[in-house]
Amino acid sequence: MSFERTFAIIKPDAVKAGHVGEIISAIEQSGLEIRCLKRVRLSAGICKGFYHEHVGKGFYQELEDFMTEGPVVMMCLEGDGAILKWRDLMGPTNPANAAEGTLRKRFGTNIGRNATHGSDSPVSAAFEVGYFFNAFELS
Ligand code: DAT
Ligand code: MG
């Protein structure tokens with residue numbers, strides 16, 4: 001396994017429900033390191049840039065409305081195999097298909113309101129980390 005950085009979001013549903021601490025605790029217990037972290041509220045424009053691959057799809061407006069409805073907590077995580085490790089910790093996109101103990105099973109409601117985001121590949125991780133964190137924050 002190689003050293004990687006990945007990008008994580010605790011989505012508005014999980015922030016509002018008070019699950020930030022439990023999710024960060026799960027990250028720490030997994031061995032992933034939190035390289036940097038911030039709490040922000042996304043605008044529609046920033047959301048479109050972040051989810052550019054989904055703009056125009058049937059669910060996009062619902063996704064944007066959800067992601068901008070309240071603050072999120074975003075992180076750059078790092079460690080060996082961090083991209084897959086974080087995806088495994090989250091579980092699949094639809095919480096209904098997620099295994100017991102995964103974050104989306106524990107904290108997600110449905111396929112749209114699924115508590116967390118994680119990069120799906122090295123290319124998307126590099127884009128997503130760079131979209132939200134600057135060189136100083138990553139230094
Ligand atoms: P993931 O977040 O697991 O990488 P994705 O990239 O396919 O999943 O989609 C991004 C987000 O968009 C996903 O976390 C929730 C939302 N979404 C995806 N498919 C959806 C659908 N069929 N209906 C409603 N929301 C959906
Ligand atoms: Mg995705």
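Author: A strand here is a DSSP run of E with at least two residues, numbered from the N terminus. E78 lies in one of these runs, strand β3. The model is predicted.

Reader: Why is E78 called buried?

Author: Buried means under 20% relative accessible area. E78 has 10%, so E78 is buried.

Reader: What makes the link between E78 and R5 a polar contact?

Author: The cut-off is 3.5 Å between N or O atoms, with one able to donate a hydrogen and the other to accept it. The side chains of E78 and R5 are joined at 3.1 Å, so the pair qualifies.

Reader: Which residues is E78 in contact with, leaving aside its neighbours within four places in sequence?

Author: They are F3, E4, R5, L32, E33 and R35. Contact means heavy atoms within 4.5 Å.

Reader: What makes β3 largely enclosed?

Author: Eight of the nine residues of β3 are buried, so the rest of the structure largely encloses this strand. The strand covers residues 72-80.

Reader: What makes β1 largely enclosed?

Author: Six of the eight residues of β1 are buried, so β1 too is largely enclosed by the rest of the structure.

Reader: How do you know that β1 and β3 pair?

Author: Pairing needs at least two bridges. Eight bridges join β1 to β3, so the two strands pair. They run antiparallel. Within the pair, F7 stands opposite C76 in β3. I10 stands opposite V73 in β3.

Reader: How do you know that β2 and β3 pair?

Author: Seven bridges join β2 and β3 in the antiparallel sense; at least two are needed, so they pair. In β3, V73 is the bridge partner of R39.

Reader: What order do the strands take in the open sheet?

Author: The order is β2-β3-β1-β4, and the pairing is antiparallel.

Reader: Why are β2 and β4 said to stand at the edges?

Author: Each has a single partner strand, so one side of β2 (33-40) and one side of β4 (116-118) is left without a neighbour in the sheet. Neighbouring strands of this sheet are turned by 20° against each other on average, direction ignored.

Reader: Which strands does helix α2 lie across?

Author: Helix α2, residues 20-30, lies across β1, β2, β3 and β4. The helix runs at about 5° to β3. Helix α5, residues 82-90, also packs on the sheet, touching β1, β3 and β4. The direction of α5 makes about 35° with that of β1.

Reader: Why is A115 called buried?

Author: The relative accessible area of A115 is 0%; the cut-off is under 20%, so A115 is buried.

Reader: Where is H54, and what makes it buried?

Author: H54 is in the loop between α3 (44-50) and α4 (60-67). Its relative accessible area is 17%, under 20%, so H54 is buried.

Reader: Which residues does H54 touch, leaving aside its neighbours within four places in sequence?

Author: H54 is in contact with F59, Y60 and L63. The side chains of H54 and K57 are joined by a polar contact of 2.9 Å.

Reader: How do you know that H54 makes a polar contact with ligand 1?

Author: A polar side-chain atom of H54 lies 2.9 Å from an oxygen atom of ligand 1. The cut-off is within 3.5 Å, so the pair counts. For R87, a polar side-chain atom lies 2.8 Å from an oxygen atom of ligand 1. For T93, the value is 2.5 Å, again to an oxygen atom of the ligand. The protein covers 79% of the 520 Å² of accessible area that ligand 1 has on its own.

Reader: Which residues surround ligand 1?

Author: They are K11, Y51, H54, F59, E62, L63, R87, T93, R104, I111, G112 and N114.

Methods: Residues are numbered from 1 along each chain as its sequence is written. Chains are lettered from A and ligands numbered from 1 in the order in which they are written. This is a predicted model: local features need pLDDT of at least 70, side-chain atom pairs count only at pLDDT 80 or more; totals for chains, interfaces and linings use all residues. Side-chain values use heavy atoms; hydrogens and water are left out. Helices (H or I, at least four residues) and strands (E, at least two) are DSSP runs, numbered from the N terminus. Axes are lines fitted to C-alpha atoms, for helices over the stretch in contact, and angles run from 0 to 180 degrees between N-to-C directions. Buried means under 20% relative accessible area, exposed over 50%, partly exposed in between (1.4 Å probe, protein chains only). A residue is near a molecule or strand if one of its heavy atoms lies within 4 Å of it. Accessible areas come from the Shrake-Rupley method with a 1.4 Å probe; for residues, only the protein chains shown count as cover.
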